[in-house]
Amino acid sequence: MKINIRNAVQEDCARIKPLQKEIADLHHEGRPDLFKTEARYFTEESFAERLSDPKHSVFIAETEDGTVAGYAFAWVINYRNHSTYKDFDCFYIDDICVLKAFRRNGIGRMLFDRCKTLAEEKHCKMVELGVWAFNTEAIAFYKSCGMTDRIRRMEYRLED
């Protein structure tokens with residue numbers, strides 16, 4: 001299967017909705033106490049803002065027939081004059097998603113590698129992301145990409 005990783009364009013806002021739905025379902029299934037059942041979709045305006053912001057990057061994984069099989073949303077976080085940290089830039093991956101039908105074909109790795117390359121080009125100190133503990137497939141994938149734990153966020157549930 002031939003996949004093209006490209007920068008997103010405005011028309012992709014509607015084309016990524018099936019992926020956003022899959023992510024919403026996964027999160028609701030994993031933590032129904034926290035996540036709504038309905039998907040959160042970008043508005044045309046908010047998607048356009050991301051595309052026009054030089055700190056943000058949106059990549060699309062597209063098949064030969066034009067199907068959007070995956071995407072990655074990321075941005076550069078600039079830490080400057082922080083009370084604890086030294087000054088540095090971090091490439092934060094907000095979301096990598098591959099449609100279930102296309103998983104295990106290297107698409108997630110291609111999106112991750114594209115993010116990693118851009119992070120290097122932007123002279124970032126690290127690539128960072130957050131992943132829910134219930135999402136064991138994603139955790140295994142990120143570990144296979146060479147990611148390691150740097151910080152762990154824990155909870156104590158007071159109500160069920």
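In the predicted model, I107 touches M1, I3, A61, A69, V98 and F102, residues up to four places away in sequence being left out; contact here means heavy atoms within 4.5 Å. Residues are numbered from 1 along each chain as its sequence is written. Because the model is predicted, local features require pLDDT of at least 70 and side-chain atom pairs count only at pLDDT 80 or more, whereas totals for chains, interfaces and linings use all residues, and side-chain values use heavy atoms, with hydrogens and water left out.

The protein contains 5 helices and 5 strands, assigned as DSSP runs (helices H or I, at least four residues; strands E, at least two) and numbered from the N terminus. Along the sequence these elements follow the pattern β-α-α-α-β-β-β-α-β-α. The 5 strands form an open sheet with mixed pairing and the order β1-β2-β3-β4-β5, where two strands pair if DSSP finds at least two bridges between them. β1 and β5 (126-129) stand at the edges with a single partner strand each, so one side of each is left without a neighbour in the sheet. From one strand to the next, the twist averages 25°. β1 and β2 run antiparallel and are joined by 5 bridges; I3 stands opposite T63 in β2. Helix α2 lies across β3 and β4 and runs at about 75° to β3 (axes are lines fitted to C-alpha atoms, for helices over the stretch in contact, and angles run from 0 to 180 degrees between N-to-C directions).

The structure holds 15 salt bridges, defined by a side-chain nitrogen of Lys or Arg within 4 Å of a carboxyl oxygen of Asp or Glu. In one of them, E155 pairs with R31, the closest N and O atoms being 2.6 Å apart. This pair links the segment after α5, which holds E155, to the loop between α2 and α3 (44-52), which holds R31, across 124 residues. R31 counts as buried, at 8% relative accessibility; buried means under 20% relative accessible area, exposed over 50%, and partly exposed in between (1.4 Å probe, protein chains only). R104 and E137 form a salt bridge at 4.0 Å, N to O, and both residues are exposed. A further salt bridge joins R150 and E128 at 1.6 Å, N to O. R150 lies in the segment after α5 and E128 in strand β5, so the pair ties together parts 22 residues apart in sequence. E128 counts as buried, at 15% relative accessibility. Salt bridges with shared partners also join R6, D12, R15 and E62 into one network.

The C-alpha trace spans about 50 × 45 × 35 Å along its principal axes. Buried residues account for 38% of the 160 residues. Among contacts between residues at least 6 apart in sequence, 61% join residues at least 24 apart.
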